Amino acid sequence: MIQAVMVISTQAKPRLLKFYNFQPPEKHQDLVRSVFQLLSARPDSVSNFVKVDSIFGPGTKMVYKHLATLYFVFVFDSSENELAMLDLIQVFVETLDKCFKNVCELDIVFNFNKLHTILDEMILGGQVIETSSEQIMKSVEEIERLEKQSSTTSFIPKSITERFTR
Amino acid sequence: MASTPAAPAVAPSLVDTLFQRSLNDLIKSLRADASAAGEAAAVARALSEIHREIRAPDAATKSVALQKLTYLSSLHFAPVASHPLAFPAIELLASPHLPHKRLAYLAASLSLHPASLSLLPLATHQLHKDLSPSPSPSAGAAHQRHVSALALQLLASPAAAAAPDLPVHLAHDLVPHLARGSPRAIAAAARVIAASPSAAVPVLFKPLAACLASPDPRASTAAAAAFCDLSAPPADATPFLPLAPDLYNLLTTSRSNWALIKVLKVFARLAPLEPRLAARIVDPVCQLLTRSGAMSLTFECIRTVLTALPAHDAAVRLAIGKAKEFIAADDDPNLRYLGLLAVGMLGPAYASTVHDCQDAIAKSLGDADTNIRQEALHLIMGMVNENNVMDIAGMLIGHVAKSDPEFANDILGAVLAACGHNVYEMVVDFDWYVSLLADMARTLHCAQGDEIGRQLVDVGLRVQDTRPELVRSARTLLIDPALLGNHFLFPVLSAAAWVSGEYVDLTKDPVELVEALLQPRTGLLPISVRAVYIHAVFKVITWCFSVYVGRLGDSGMAMDVTFDRSAADQTVSLDSNVALGSGEEQGIGASTVRKDPFSHESILYMIDLIQTTVGPLINCNEVEVQDRAHNLIGFVHLVREIQELNKTKVADGDKPSRLEELVKTMRTVFCQELGPVSVNAQMKVALPDGLILNENLVELAGMVSEDDSTPSTSIFFYPCSRHSVDTRDEPAVSIGSSSLSEHRKRHGLFYLQTGKTEDEPNDYPQANDSLPSSSNNSVNDDKLKTAELVFGRKKSTATKSRPKVVKLDTEDFLSSMMPSANVPKEDPLSGALRDVLLGSDAKALSSQRTSDINLEGMLNKTSSNESSTPRIENLGSHPASHSSRTSKQQNHDKEKGANPAESDGKEQRKHRSSGRSGHRQGKHKHREKSSTQPDTVPQAPVIQDFLL
């Protein structure tokens, strides 16, 4: 299964963290730091796989892609195929690109919720549930449509309307 | 916009609500000050604001606060106690408003903590409602799908999956979703089953298995992935064997690479459990392997074949062919890496196949990618055997020069580990290996000095035949002044100096050796190594003297020898005249001295050189160096003095014999050959019943550190047995004159490290050792044969006959397999010992393994009573005994007159017994403490009878 998905900026700032195995929240920062140390030590144009047994436990590997100012990192165990994970990163990045029209780091910084929505359409509980970026796009747009419908009902918070009607 | 500072802290005001900061506002404020402190302040401010807002009665305010809190805890590691986050999240799960609901689910799945699981039962009902297919009339099917997706998301989140109650209550709600073949439900079901099998398997396993056969490819793919996950290694794959037909069907019909990869993984785990399976799947796998265009699937096929189908030759060959294509992919480091990884999965049976790609692998050693280099190194080390070790090691050492420091040392470490493995079982030509060790030490980035030094000494001890080459290699290391500046090499130089001193009789040019050992740059060495250097000089000069004296004796020349150029101004002290004089001598000496290292001039030259360079060190404030320098200078002076004394007072005829006696005695000190000692020697001593060692040793520590710990500091380079080698200031017993030496002849020599309390002067032989000391070949013939038999079997293919390598049975990893021929021979002794030590035959049973007992360790324990005193005295007064402490007493000796050797002996005895008395006191304490075991104490004298 996939153990974690991380997006980390080249400034070592986490932009997206999702763990599919429980990791104590107080450990998150250390995990990000040690992963970033590994990543920043690797030059471009080398292989994208790193064994991370010391960070995520025995048998775990990490695959990453360095795009512009971001590292996209997937951590997985022996039940996943290395090259398939690399493809999955590609799917994720493509989907982001389609959703945000030429995605850049700022899009990712300011769209915390949407990022999670996209990721959740692709991976659930560490299992890949969708690998087509078109399909993911469709689902995300559907969710946005549903939510808009739902939120047109009240623009003003209920507490305020209550106060004024009293 | 900022929240109003005047707002009351208790309840959120209208103003708060109206001017609540959104998540985007929060992110902007966090980005405004990028410094760590600024960010921390912004986080703290936001947290206090959120804590107020989150208590707001209306859902909108609460949900924004929750969203901000989720963001902060996820990406800014804000220390959010789980409770304040979990409760509002669970509250909002019930919101009819979809965005709020989604925020709540996100917050819950990201941040639910096992500590907050007590709250989860609150959510159970809501999850149940959201999962069950009873849509409220207003919401459409899409809405319903979305809501259940959110619920599944939470159900599969790590913290929720760990909650024992949830699966029990919600497993049934998953079934209809599974029946529809929803990938989401399948993934969630897999998580739920993994988290609590007992509750979930009865309900979910069948529907999940049905999904494997689903016509919907998304469902079957998800189901294959789910079973792949569930059968992953820590779990047992056996329960999944019944799924094989469905999986096989998927393997042959599915067009989804994702599904095929997962199916292959499951089959790789099932194949070892069911022998017939491999034959069934090998064809489809090979077809996939040849047809597939997807690298990920190809790689998975390779992995499956190499790990699970090793018996199918054709498939393995096909897979290796593909793996080679991967390795040859010049433009893609990922493929190269995975190719090497795949080749590494091959078992030893296919070592020859690996050899085919040796060139490609060797090329990968120079790859820019550390992963690839490491993997290549790993592979190459995997194919080393005794036939190719020379080629491979040579090739690797060639690579060291081209590699960056880190990888260079990885290579060196790997070569050292491989060649040193199991007492050098791979090495046939030790001359080659010794020179390789020297070459390794000289490589540019070498930081493996410790291991190289250890192996140099170890090979010297174990392989007699290679000592000439060892001494040659040590010479090249020692004479190179450049090496003295590299602190990584100090252990190597220390080993080289020790080897040169210990096997000095193999040296071609002792004069050069002395020069090398005393060269000015030795000042750069650390104390411990310097001490070894000086001691090596001591050994060299002793040997030169002995050869010189022997020669004089042979030729029957008039023994008018003197080592004083001008007896008139020669005093014991080192005055500047001598120093100057020797300076001149060096100039003159260099040419003549070379011709014959044992000529009068050479000896004189060496003595002068020693006095000049070592002389100042007797004032060195490091005890270790000072001690050795004293020894050496004292010895040199003694030799000179004898001449002086002889000239003036003693009849001419006595002169040579005096000198000869002295030199021979000194030579005796160093001529005993040393053998290796098992690291476990001490451990093999069975602890007699009731002897409480720990306590006593602790008590002794204070005593030991005062008196006896000094020598122990010098031995860094070979911790397991070298201790007594360099601290061997104590006299060795002259050969053939005592029962102890008889005993040694039979059993070889053993030197245990003098780690804690045992600072005994004598090197006790070990009771049961299979080590044939080289001087005792005749006695140990039978042992030798067994040893050679063992080696002979292993080395049948070696072209060059392998020298005998001394190997202790304790070092054999298969010690149980070793011939037990030695045991009966020792049995009477150890049997007796056992009886003695254990006091009563009642204990005999408990010590079946005492044939392994190490006598020395026992002695150390049992000699804790006074009866050990006579033994020590005996040894001390042995005519041949000599101590290198001689030097310290040399002034004494002069006053006392004619018999320096003997007075020496006395002096030294005094020394030792004083040292020992402290020791004995310590052991007194020990005995008092352990007086509860009368068994062990009275028997000690008996053991001594065995030994002496």
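Where does the kink in H16(B) lie? In this predicted model, the kink is at Ile281(B), shortly before the proline Pro284(B), and amounts to about 35°.

**Figure 1. Helix H16 of chain B, residues 275-291.** The helix has 17 residues. From its first C-alpha to its last, H16(B) reaches 26 Å, which is close to the 24 Å expected at 1.5 Å a residue. The view includes the kink of about 35° at Ile281(B).

**Figure 2. Arg280(B), a residue of helix H16 in chain B.** Is Arg280(B) buried or exposed? Arg280(B) counts as exposed because its relative accessibility is 51%, and the cut-off for exposed is over 50%. Between Arg280(B) and Tyr248(B) there are 8.7 Å in space, C-alpha to C-alpha, although the two are 32 residues apart in sequence.

**Figure 3. Helices H3 and H4 of chain B, where they cross.** H3(B) covers residues 36-53 and H4(B) covers residues 59-75. Two packed helices are described by the angle between their axes and the distance between the axes. Here the axes come within 9 Å and cross at roughly 145°, and the crossing is left-handed. On the H3(B) side, the residues in contact are Val43(B), Ala46(B), Leu47(B), Glu49(B), Ile50(B) and Glu53(B). They meet Thr61(B), Lys62(B), Ala65(B), Lys68(B), Leu69(B) and Leu72(B) in H4(B). Sorted by class, this contact has 7 nonpolar, 1 polar and 4 charged residues.

**Figure 4. Ser364(B) in helix H21 of chain B.** The helix that holds Ser364(B) spans residues 358-364. Why does Ser364(B) count as buried? Its relative accessibility is 6%, and buried means under 20%, so Ser364(B) counts as buried. Leaving aside residues up to four places away in sequence, Ser364(B) touches Leu340(B), Ile372(B), Arg373(B) and Ala376(B).

**Figure 5. Chain A, its helices and strands.** Chain A has 7 helices and 7 strands, and their pattern along the sequence is β-β-α-β-α-β-β-α-α-α-β-β-α-α. Of its 166 residues, 58% count as buried. Among contacts in chain A between residues at least 6 apart in sequence, those that join residues at least 24 apart make up 50%.

Terms used
Residues are numbered from 1 along each chain as its sequence is written. Chains are lettered from A and ligands numbered from 1 in the order in which they are written. This is a predicted model: local features need pLDDT of at least 70, side-chain atom pairs count only at pLDDT 80 or more; totals for chains, interfaces and linings use all residues. Side-chain values use heavy atoms; hydrogens and water are left out. Helices (H or I, at least four residues) and strands (E, at least two) are DSSP runs, numbered from the N terminus. The expected span of a helix is 1.5 Å times one less than its number of residues. The bend at a residue is the angle between axes fitted to the seven residues ending there and the seven starting there. Axes are lines fitted to C-alpha atoms, for helices over the stretch in contact, and angles run from 0 to 180 degrees between N-to-C directions. A crossing is left-handed if the near helix is turned anticlockwise from the far one by less than a right angle, and right-handed if clockwise. Contact means heavy atoms within 4.5 Å. Ala, Val, Leu, Ile, Met, Phe, Trp, Tyr, Cys and Pro count as nonpolar, Asp, Glu, Lys and Arg as charged, and the others, Gly among them, as polar. Buried means under 20% relative accessible area, exposed over 50%, partly exposed in between (1.4 Å probe, protein chains only).
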